[in-house]
Amino acid sequence: MSIICDHVNYIYSRGTSDEIHALKDVCFKIEDGEFIGIIGATGSGKSTLIQHLNGLLKATSGHIYINGEDIYDSDYSLKKLRSRVGLVFQYPEHQLFEETVLKDVCFGPKNQGLTSTESQMRAYEALENVKMGEDCYDVSPFDLSGGQKRRVAIAGVLAMKPEVLILDEPTAGLDPEGREEILHLLKSLHDEQGITIILVSHSMEDMADYAERLLVMDKGSLIMNGSPREIFQNSAILEEIGLSVPQVTGVLREMRQKGFDVDISATTIEEAADSIMRALGL
Ligand code: ADP
Ligand code: MG
């Protein structure tokens with residue numbers, strides 16, 4: 001599924017003294033099957049932007065095209081769009097509410113009009129995808145660990161079989177193990193099932209390791225759009241807007257300043273190790 005954001009503006013509390021211009025003339029295209037990262041300081045418009053991609057918020061001006069169709073056309077089904085573009089909110093575990101894990105994950109497919117049996121089949125598959133075994137089906141979601149709750153919440157969205165999965169800071173507040181589990185899950189959904197992933201994250205390391213392309217937001221505007229390698233070359237701009245480069249890229253820059261002839265475009269640990277070995281002639 002291709003997504004085009006065409007000169008999108010969004011204004012909260014329009015016409016009041018609290019008016020906030022949260023998105024300013026945002027334009028980009030996302031192709032089917034990409035793994036996109038969205039970065040930007042707090043308040044830069046990331047959450048507002050992603051809620052436009054499944055029609056949850058409607059642009060004040062501008063258009064969103066899904067597979068070439070304008071989602072604001074009067075005969076476009078936003079309900080269908082919401083099951084094709086799954087959105088996992090920040091701290092999604094706060095939205096778990098059923099008595100058992102299985103019931104919770106069945107909620108989405110049931111809402112789509114599937115029968116109980118079909119919904120359960122979807123739930124089994126989604127829970128398997130997020131590595132939650134049968135032993136969790138009858139457990140109350142409230143009795144799970146933080147990482148498990150989050151995986152169940154993601155399963156709830158996967159059970160609707162979205163073609164695009166958008167996640168708002170899905171690793172926030174998790175320990176390193178929990179973070180890795182979620183990131184691996186996203187990578188396998190992308191690599192094995194061809195699901196388009198749009199990931200909002202604060203971690204430049206995660207972005208360098210997983211995203212194929214980054215969209216950089218600053219004060220409501222999209223200011224950069226490119227591969228992590230390209231984006232992380234602009235450390236001065238990133239710092240100016242309250243972001244950083246991956247730590248290993250920072251280390252290479254320091255080495256360069258101290259006179260080592262290292263390639264400073266490396267963004268992952270592996271690339272950095274290669275770059276240092278080459279500089280040392282090893
Ligand atoms: P981010 O996700 O990058 O932190 P947001 O999209 O949440 O940014 O916020 C962008 C801007 O819109 C901020 O100035 C924020 O205060 C404002 N904003 C976000 N949500 C609302 C809302 N529901 N009502 C009014 N203003 C909001
Ligand atoms: Mg946000």
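This is a predicted model: local features need pLDDT of at least 70, side-chain atom pairs count only at pLDDT 80 or more; totals for chains, interfaces and linings use all residues.
Residues are numbered from 1 along each chain as its sequence is written, chains are lettered from A and ligands numbered from 1 in the order in which they are written, and side-chain values use heavy atoms, with hydrogens and water left out.

**Entry: the sheet**

I took helices (H or I, at least four residues) and strands (E, at least two) as DSSP runs, numbered from the N terminus. Two strands pair if DSSP finds at least two bridges between them. I traced an open sheet of four strands, in the order 2-1-4-5, with antiparallel pairing. Strand 2 (20-30) and strand 5 (69-70) are its edges, each pairing on one side only. I then looked up Ile66 and found its bridge partner in strand 5 to be Glu69.

**Entry: helix 3 and helix 4**

I checked how helix 3 (residues 101-111) meets helix 4 (residues 116-129). Their axes come within 8 Å and cross at roughly 115°. Axes here are lines fitted to C-alpha atoms, for helices over the stretch in contact, with angles from 0 to 180 degrees between N-to-C directions. The crossing is right-handed. By convention, a crossing is left-handed if the near helix is turned anticlockwise from the far one by less than a right angle, and right-handed if clockwise.

For contacts I used heavy atoms within 4.5 Å.

Buried residues of helix 3 include Val101, Asp104, Val105 and Gly108. The buried residues of this helix pack against helix 4 and helix 5. Just after helix 3, Gly113 takes a positive phi of about 100°.

**Entry: the cores**

Which residues touch the most other members of the largest nonpolar core? I found Val105, Leu127, Leu165, Leu186 and Ile197, in a core of 48 residues. Helix 5 (residues 146-158) gives the largest share, six residues. A nonpolar core is a set of buried Ala, Val, Leu, Ile, Met, Phe, Trp, Tyr and Cys residues joined through side-chain atoms within 4.5 Å. Leaving out residues up to four places away in sequence, Leu186 touches Phe35, Leu165, Leu167, Pro170, Ile197 and Leu199. Another core lies apart, with 30 residues, among them Ile30 and Ile198.

Thr268 sits in the loop between helix 10 (247-257) and helix 11 (269-279). Thr268 counts as buried because its relative accessibility is 13%.

Ser13 lies in the loop between strand 1 (3-12) and strand 2. Phi of Ser13 is positive, near 50°. At 40% relative accessibility, Ser13 counts as partly exposed.

Lys219 is in the loop between strand 9 (213-218) and strand 10 (221-226). Phi of Lys219 is positive, near 45°. Lys219 is exposed, at 58% relative accessible area.

Methods:
Buried means under 20% relative accessible area, exposed over 50%, partly exposed in between (1.4 Å probe, protein chains only).
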